[in-house]
Amino acid sequence: MDATPDTSAYIADFSRFLEASPSSYHAAAEVARRLDAAGFTALAESQAWPTGSGKHYVIRDGAIVAWSQPAASGPTTPFRILGAHTDSPGFKLKPKPTIGLHGWLQAGVEVYGGPLLNSWLDRELELAGRLVTRDGREYLVRTGPFMRIPQLAIHLDREQNNGLTLDKQRHTKPVFGVGDASSADLVDHLASLAGIDGWDVAGYDILTADTQSPARFGIDNDLFAAGRMDNLSSVYAGLTALLDAPDARHISVLAAFDHEELGSESRSGASGPMLDDILTRIGAGLGASASEKLQAYAESWCVSADAGHSVHPNYSEKHDGANQPVMGSGALLKINANQRYATDAVGAALWERACASADVPYQEFVSNNTVPCGSTIGPLTATRLGIRVVDVGVPLLSMHSARELAHVDDLVGLSRAVGAFFAGV
């Protein structure tokens, strides 16, 4: 699939989406902003919901679930769900975060998920997330370029190029100025950016993000580098597909969970009750009995979309010998015999139909037997809801780096295939 003006527009807007989403909380808010502009209505979980057709969404912390319910929906109408996640690996601000050592101001941070630690060195980072005041109100905040984790100069450790080992406690504290801890207060600074008083901040969920802008490059300008493509590439693909989704004989759903990088075990993660809560309430609004709810689930599908691995030209031995997906050859169909991915033969056939309908290629990914793969929200969703799930995703290099690498055609192709899925192939 050659790059086209549509590809250029998609990548340009995806870049804007990434830059607006330095944390899971910002990503959920940016999805909501775009849904509002498209005529979707926000619903509060503590209130009664409308029972007729419409387009709605719910935010729960750093997660968002949106759906388009056609007028013909009934108690047994099935769901077509695109599942993804809003969080990415990095660092999270600790309590008592302002540290002063040897004349430097530093931030106390805790490792979040499984970042590729060395990739975060010598980058201008920002802090982003939410502050919660004593009365329970939430404020989104971001600093812009603010701090850096400086690497030790080669002159002071001549063996670094023979093997860099970073202590997660000692070597990952960013610097953000000079002085001692009494001369600055990170929480006060974040509060001032949010327009509130530091003394009023009772809690916070603040994470790091790389501030370098996304970029296209390469001999054909088809390579794309940015932070947080695992997994905002899937969130954005699902959002664009949902906004273009036609009326169909199912309810189209975008479910973007938080905390996948930590195992998904939270009220806003895929192991939590959020999706089932929302689907149950949609069904109740349609008059579904317990039996009819299960009938709807029996005909429902979830495409679990999460970034995967392209074959690495410098480390090809880490991949399966026969299945070596290459960037630019299509989104991945992710397969694992031990159900780390939920794809089975029926799911593979669905994904083949979706890609054929969208006229985009796809390729299979399976792990080298000696290099176990991670997992996704796919098996969790299949287990919690009992619906059929297929695992897919955009191939990346440098996954969990502060700055990951993709191919523009794969990014666009995923959105087109999800669009065909929502259309009902």
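Two residues are in contact here when heavy atoms of each lie within 4.5 Å. With that in hand, welcome to a short tour of this predicted model. Leucine 93 touches Ala107, Gly108, Val109, Leu127, Leu186, Leu190, Tyr204 and Ile206, not counting residues up to four places away in sequence.

- You will find leucine 93 in strand E5, which covers residues 90–101.
- Leucine 93 has a relative accessible area of 6%, and because the cut-off for buried is under 20%, it counts as buried.
- Tyrosine 112 is 19 residues from leucine 93 in sequence, and their C-alpha atoms are 9.5 Å apart in space.

**The nine-stranded sheet**

- Nine strands make up an open sheet with mixed pairing, in the order E1-E2-E3-E13-E4-E14-E18-E16-E17.
- At the edges stand strand E1 (41–42) and strand E17 (362–365); each has a single partner strand, so one side of each has no neighbour in the sheet.
- Helix H8 (residues 377–385) packs on this sheet and touches strand E4 (79–85), strand E13 (251–257), strand E14 (301–305) and E18. The direction of H8 makes about 170 degrees with that of E18.
- Strand E16 (residues 331–334) and strand E18 (residues 388–393) run antiparallel and are joined by two bridges. Here leucine 333 has valine 392 of E18 as its bridge partner.

**A closer look at strand E3**

- How many of the seven residues of strand E3 (residues 63–69) are buried? Seven of the seven are, so E3 is largely enclosed by the rest of the structure.
- In a regular strand, side chains alternate between the two faces of the sheet.
- In E3, Ala63, Val65, Trp67 and Gln69 point one way, while Ile64, Ala66 and Ser68 point the other way, and all are buried.
- On one side, E3 is joined by seven bridges to strand E2 (residues 54–60), and the two run antiparallel. One of the pairs sets lysine 55 against its bridge partner, serine 68 of E3.
- The hairpin of E2 and E3 has two residues between the strands, and aspartate 61 there takes a positive phi near 55 degrees.
- E3 also pairs with E13, in the antiparallel sense, over five bridges.

**The three-stranded sheet**

- Another open sheet has three strands in the order E11-E12-E20, with antiparallel pairing.
- Its edges are strand E11 (215–217) and strand E20 (404–407), each with a single partner strand, so one side of each is left without a neighbour in the sheet.
- Neighbouring strands of this sheet are turned against each other by 30 degrees on average, direction ignored.
- Three bridges link E11 with strand E12 (residues 223–226) in the antiparallel sense, and phenylalanine 217 stands opposite leucine 223 in E12.
- Helix H4 (residues 229–243) packs on the sheet, touching E12 and E20, and its direction makes about 35 degrees with that of E20.
- Helix H9 (residues 408–423) lies across E11, E12 and E20, at about 70 degrees to E20.

**Helices H2 and H4**

- H2 and H4 pack at an angle of about 15 degrees, with their axes 11 Å apart. Angles under 35 degrees count as roughly parallel, and the two helices are therefore roughly parallel to each other.
- Their crossing is right-handed.
- H2 contributes Ala27, Val31, Arg34 and Leu35 to the contact, and H4 contributes Leu232, Val235, Tyr236, Leu239, Leu242 and Leu243.
- Sorted by class, that contact has nine nonpolar, no polar and one charged residues.
- Glutamate 30 is also found in helix H2 (residues 24–37), and at 9% relative accessibility it counts as buried. Leaving aside neighbours within four places in sequence, glutamate 30 is in contact with Phe17, Ala20 and Ser21.

**Backbone details to look for**

- A cis peptide bond, with omega about 20 degrees, joins aspartate 230 and asparagine 231; asparagine 231 is found in helix H4.
- Aspartate 122 is not a glycine, yet it has a positive phi of about 55 degrees. Aspartate 122 sits in the loop between strand E6 (104–112) and strand E7 (125–133) and counts as partly exposed at 31% relative accessibility.
- Serine 264 has a positive phi near 75 degrees.

Note on methods. Residues are numbered from 1 along each chain as its sequence is written. This is a predicted model: local features need pLDDT of at least 70, side-chain atom pairs count only at pLDDT 80 or more; totals for chains, interfaces and linings use all residues. Side-chain values use heavy atoms; hydrogens and water are left out. Helices (H or I, at least four residues) and strands (E, at least two) are DSSP runs, numbered from the N terminus. Buried means under 20% relative accessible area, exposed over 50%, partly exposed in between (1.4 Å probe, protein chains only). Two strands pair if DSSP finds at least two bridges between them. Axes are lines fitted to C-alpha atoms, for helices over the stretch in contact, and angles run from 0 to 180 degrees between N-to-C directions. Angles under 35 degrees count as roughly parallel, over 145 as roughly antiparallel, 65 to 115 as roughly perpendicular and the rest as oblique. A crossing is left-handed if the near helix is turned anticlockwise from the far one by less than a right angle, and right-handed if clockwise. Ala, Val, Leu, Ile, Met, Phe, Trp, Tyr, Cys and Pro count as nonpolar, Asp, Glu, Lys and Arg as charged, and the others, Gly among them, as polar.
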